[in-house]
Amino acid sequence: MTDADAMTVFDRRVVRMHRDRAAPLLAEHDFLLREVADRLAERLDVLRRTFPRVLDLGCHGGEMAAALKGRSGIETIIRADLSPAMAARAGAPALAADEERLPFAPGAFDMVVSNLSLHWVNDLPGSLIQIRQALRPDGLFLAALFGGDTLFELRRALMEAEQEVTGGVSPRISPMAGLRDAAGLLQRAGFALPVADMDTLTVSYATPWRLLQDLRGMGETNAGLNRLKAPTRSAVIARAAERYLELFQEQDGTVPATFQILFLAGWAPDPATQQQPARRGSATTRLAEALNPDTPPAPKAN
């Protein structure tokens, strides 16, 4: 097996197919995309810089572009998505583009943002390098992606149901990065002042079935190469819904679904204007300070 083969975790053709299928009715299921886009855009509010030309990478239905409107001197937002149907839905200027093979010239953008898309990339370090190269010196990269604890409730219910019904377990939820992994990837890709932090969003659903509908409606169903290729037995799905209720149902009858969101920020290197990194292991920087060096530092504990 080659190094390239070892990094192939997702079937990108299936990722595109899932997004194409979800695009027509995305507005009925895009609340999480909109919520995370707003939180990602708010990170620009601590800045005193402008970003005239922006790439919205993995744009879905244009939720990120809507959240960026009127912020940070943005004049042009180029929307790009692996799915041609999503790119068309997001509005012009837009194109279909693969995060693993970016078609942009070096230094083309002042900022690249990516909202809940990069967790489907096989070679994430390689994609981050391409993103850095597409930024002008001192350009900003901001991203949000699902973290490793996302949908732990669904993961457990499916695992226990399948074990009970079939006597075995197959991969049901795609692998996702942890916070420390994400921060390290930014550094490996050559970003200056890399920062990663995390939010946890808990969504209440009337039933587990409604959660599954939303995941399908966002194009977020499993596209792992090791996924079960045959249709899941109806008995497994039914038992998983029952087990979800048994394990996690709240007093009001709803069930929670946890989404762990990793937020990443990094700058394209520019030695002429940027601070140089401190020795490894000495970081005390808050996200606001890393995004805006003029932010007053946090008070030190006694």
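This is a predicted model: local features need pLDDT of at least 70, side-chain atom pairs count only at pLDDT 80 or more; totals for chains, interfaces and linings use all residues.
Let me begin with a single residue. Where does leucine 225 lie? Leucine 225 is placed in the loop between α9, residues 208–217, and α10, residues 234–248. Setting aside residues up to four places away in sequence, leucine 225 touches Thr8, Val9, Phe10 and Asp11. The C-alpha atoms of leucine 225 and arginine 12 are separated by 9.2 Å, although these two residues are 213 residues apart along the chain.

The axes of α9 and α10 are 9 Å apart, and the helices pack at an angle of about 115 degrees. On the α9 side, the contact involves Pro208, Trp209 and Leu211. These residues meet Ile237, Ala238, Ala241, Tyr244 and Leu245 in α10. The contact of α9 with α10 comprises eight nonpolar residues, no polar ones and no charged ones.

Next, the sheet. In general, strands of a sheet pair through backbone hydrogen bonds, and the pairing is either parallel or antiparallel. How many strands form the open sheet here? Seven strands form it, in the order β3-β2-β1-β4-β5-β7-β6, and the pairing is mixed. At the edges are β3 and β6, each of which pairs on one side only. From one strand to the next, the twist averages 15 degrees.

Within this sheet, I would draw attention to strand β2, residues 76–81. Five of the six residues of β2 are buried, and the strand is thus described as mostly covered. Strand β1, residues 53–57, runs parallel to β2 and is joined to it by five bridges. Leucine 57 has alanine 80 of β2 as its bridge partner. Between β1 and β2 the chain passes through helix α4, residues 63–68, in a right-handed β-α-β crossover.

A further neighbour of β2 is strand β3, residues 94–96, which pairs with β2 in the parallel sense over three bridges. In this pairing, arginine 79 has alanine 94 of β3 as its bridge partner, and aspartate 81 stands opposite alanine 96. Together with helix α5, residues 84–90, the strands β2 and β3 make a right-handed β-α-β unit.

Finally, I consider helix α8, residues 179–188. Which residues of α8 are buried? They are Ala182, Leu185 and Leu186. Viewed down the axis of α8, the buried residues fall within an arc of 100 degrees, so they line one face of the helix. Arg180, Gln187 and Arg188, on the other side of α8, are exposed. The buried residues of α8 are covered by elements including α6, β5, β6 and β7. Helix α8 lies across β5, β6 and β7, and runs at about 145 degrees to β6. Helix α6, in turn, lies across β1, β4 and β5, at about 145 degrees to β5. Just after α8, glycine 190 takes a positive phi of about 90 degrees.

That concludes my presentation.

How values were computed:
Residues are numbered from 1 along each chain as its sequence is written. Side-chain values use heavy atoms; hydrogens and water are left out. Helices (H or I, at least four residues) and strands (E, at least two) are DSSP runs, numbered from the N terminus. Contact means heavy atoms within 4.5 Å. Axes are lines fitted to C-alpha atoms, for helices over the stretch in contact, and angles run from 0 to 180 degrees between N-to-C directions. Ala, Val, Leu, Ile, Met, Phe, Trp, Tyr, Cys and Pro count as nonpolar, Asp, Glu, Lys and Arg as charged, and the others, Gly among them, as polar. Buried means under 20% relative accessible area, exposed over 50%, partly exposed in between (1.4 Å probe, protein chains only). Two strands pair if DSSP finds at least two bridges between them. A crossover is right-handed if, with the strands pointing away from the viewer, the path from the first strand over the helix to the second runs clockwise. The arc is that of the directions from the helix axis to the C-beta atoms.
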